[in-house]
Amino acid sequence: MAYGNAAFAALSDPTRRMVLERLAAGPRAVGEIAEGVPVSRPAVSQHLKVLKDAGLVSDRQEGARRIYTIDPKGLGAVRAWLDQFWDVALDAFKAEVERVANDEKGDAP
Amino acid sequence: MSLGIRPAPVKKTLTVAATPERAFEVFTAGFGRWWPASHSIGESPLKLAVIEPGVGGRWYGLLEDGTENLWGDVLDWEPPHRVVLAWRIGADWTFDPDLLTEVEVRFTAEGQGTRVDFEHRHLERMGDAAESARASFDSEGGWSGLLRMFAAEAAKAS
């Protein structure tokens, strides 16, 4: 089981981890992130998109620049995962409770 | 708190066609009968999931290979109305005895059945470790270490 496979998949790439570590030091624009990473700026943009889709970073427009920040908790994906996780678990719980209750009714004279 | 994101608790409400006594009993003593086998951490399939009765009881999974995965423990035990469990699995997917997120389940008689109010709260605490790691960014326990753990998990999953 995994908290959001997208998050883990996003983090499986070493360059993306590097990008995330750059952002962990503070909010950055793409150009600033690219300075610390040995890949082209368009490649950094692509990595940022994957991280954003996975809920690990968010962005905002500041004038002409787009500023990226790490999701401070990295938890957007975790929460979404848990939400779905408990739906599945509680459905299974309900089915089991009602199965037991029905069996008992069936046993009654 | 300078950084804005606080995940809201996960809340669910459902109604089950059974008494609160039955619902409580199935949720706790019958935990292994309904907990989805896919909901396990660890490499081996889940064989059995257990909530031990009473405050301090352990909440764990027993894997096919014999490994025991501790998830947390019972914080409040008020049959048949309420149970509160500690979920101590962090965002890095490992058990952390210092992490406390709470799963509260309340059972209330409603008509012929029982309303079940479920809440998994304090999810932001999963991020506290990440947050303090952020302060010590350069340390092994910092983001670098955390990200390595994520990566290891990702490798396992793929």
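**Testing the terms**

Tutor: Gladly! This is a predicted model. In chain A, helix α4(A) lies across β2 and β3 and runs at about 120° to β2(A).

Student: How do you know that the span of helix α4 of chain A agrees with its 13 residues?

Tutor: The expected span is 1.5 Å times one less than the number of residues. For α4(A), residues 41-53, that should give 18 Å, and the end C-alpha atoms are 18 Å apart, so the two agree.

Student: Which residues of α4(A) are buried?

Tutor: They are A:V44, A:H47, A:L48 and A:L51. These residues cover an arc of only 105° around the axis, so they lie on the same side of α4(A).

Student: Which exposed residues does the face of α4(A) turned away from the buried side carry?

Tutor: That face carries A:P42 and A:K49. Just after the helix, A:G55 takes a positive phi of about 80°.

Student: What makes β1 and β2 of chain A edge strands?

Tutor: Start from the order of the open sheet of 3 strands, which is β1-β3-β2 with antiparallel pairing. β1 (28-29) and β2 (57-62) each have a single partner strand, so one side of each is left without a neighbour in the sheet.

Student: How do you know that β2(A) and β3(A) pair?

Tutor: Two strands pair if at least two bridges are found between them. β2(A) and β3(A), residues 65-70, have 6 bridges in the antiparallel sense, so they pass that cut-off. Within this pairing, A:D59 stands opposite A:Y68.

Student: Let's move to chain B. Which pattern does chain B follow along the sequence?

Tutor: The pattern is β-α-α-β-β-β-β-β-β-α-α, with 4 helices and 7 strands in the chain. Buried residues make up 32% of its 158 residues.

Student: Why is B:T28 called buried?

Tutor: The cut-off is 20 or more other C-beta atoms within 10 Å. B:T28 has 22 of them, so it is buried. This residue lies in helix α1 of chain B, residues 20-28.

Student: Which residues is B:T28 in contact with, leaving aside its neighbours within four places in sequence?

Tutor: B:I51, B:P53 and B:V83. As for B:P79, it is 51 residues away from B:T28 in sequence, while their C-alpha atoms are 9.6 Å apart in space.

Student: How many residues lie between β3(B) and β4(B) in their hairpin?

Tutor: There are 4, and B:G66 in the turn has a positive phi of about 95°. Strands β3(B), residues 58-63, and β4(B), residues 68-78, pair in the antiparallel sense over 5 bridges, and B:Y60 has B:L70 as its bridge partner. β4(B) also pairs in the antiparallel sense with β5(B), residues 82-87, over 6 bridges.

Student: What joins β7(B) to β6(B)?

Tutor: 9 bridges join these antiparallel strands, with B:T108 and B:R115 as one of the partner pairs. Their hairpin has 2 residues between the strands, and B:G111 takes a positive phi near 60°. β7(B), residues 113-121, is also joined to β1(B), residues 10-16, by 7 bridges in the antiparallel sense. There, B:K11 has B:E119 as its bridge partner.

Student: Which residues touch the most other members of the largest nonpolar core?

Tutor: Of its 24 residues, A:V97, B:A23, B:V26, B:F27, B:L85, B:V105 and B:V116 do. The elements that give two or more residues to this core are α5 (76-107) of chain A together with α1, β2 (46-51), β5, β6 and β7 of chain B. The largest share, 4 residues, comes from α1(B). Apart from this core lies another, of 14 residues, among them A:L23, A:V44, A:L48 and A:L56.

Student: And which residues does B:V26 contact beyond its neighbours within four places in sequence?

Tutor: B:V26 is in contact with A:F93, A:E96, A:V97 and A:V100 in chain A, and with B:W34 in chain B.

Conventions
Residues numbered from 1 in each chain as written. Chains lettered and ligands numbered in written order. Predicted model: local features only at pLDDT ≥ 70, side-chain atom pairs only at ≥ 80, totals over all residues. Buried ≥ 20, exposed ≤ 12 C-beta atoms within 10 Å, placed from the backbone. Contact = placed C-beta atoms within 7 Å. Arc of directions from axis to C-beta. Core = buried A, V, L, I, M, F, W, Y, C linked by C-beta atoms within 7 Å. Axes fitted to C-alpha atoms, helices over the stretch in contact; angles between N-to-C directions.
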